[in-house]
Every structure is written in C-alpha cells, then in structure tokens.
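Thanks for making time this morning; I would like to walk through the pockets of one model and then turn to its database annotation. Please have a look at the structure first.

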Amino acid sequence: AGIDRAYVGRVERGSENVTVDTLAAIARALAVPVADLFVAPDPGAERPAPLKAGRKPVR
C-alpha cells in the first residue's frame, strides 16, 4: 500500500486517524472494498494469528 508500517501500527492501536485516501490505499492493497474494513468480526470468531516480528529482507 506504500504506507509506513509504524503508521499502520498506530492506526491499529487507535492512536492515529486515517484519511479516506489512506483507507482506499489499504483496501486496494488487500483487494477488498473499503466498506470491508469496517465490518466487525462475528462474536466468538477465532482471532487471526499474529504476524512474525521484524522487517522483510530488502530485495
């Protein structure tokens, strides 16, 4: 999405607000409609596994 991972982390923690353009960029990167970013998970749904820590190697 071309968005700094630290910024995304702050958004996930609720300490940063996003613009509509940023939401659109995230939705494009995930290949989902923007509206899907606002869907609450079903009660009792299994939580996704955390991602591996660290940065990707530079190619």
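**Pockets and their linings**

The lining of the second largest pocket divides into 8 nonpolar residues, no polar ones and 1 charged, where Ala, Val, Leu, Ile, Met, Phe, Trp, Tyr, Cys and Pro count as nonpolar, Asp, Glu, Lys and Arg as charged, and the others, Gly among them, as polar. This is a predicted model, in which local features need pLDDT of at least 70 and side-chain atom pairs count only at pLDDT 80 or more, while totals for chains, interfaces and linings use all residues. Residues are numbered from 1 along each chain as its sequence is written, and side-chain values use heavy atoms, with hydrogens and water left out.

A pocket here is an open set of points on a 1 Å grid over the protein atoms alone, where a 1.4 Å probe fits, with protein on both sides within 12 Å along at least five of seven lines; lining residues have an atom within 4 Å of a point.

The largest pocket holds about 990 Å³; of its 23 lining residues, Arg5, Val8, Gly9, Glu12 and Leu51 are the closest to its centre. By class, that lining has 12 nonpolar, 3 polar and 8 charged residues, and helix 1 gives the most to it, with 4 residues, helices being DSSP runs of H or I, at least four residues in length, numbered from the N terminus.

Finally, UniProt lists residues 1–37 as "domain: HTH cro/C1-type" in an unreviewed entry, and such annotations may be inferred rather than shown by experiment.

Conventions
Points joined across faces, edges and corners; volume = space filled by probe spheres on them. Helix = DSSP H or I, 4+ residues; strand = E, 2+ residues; numbered from the N terminus.
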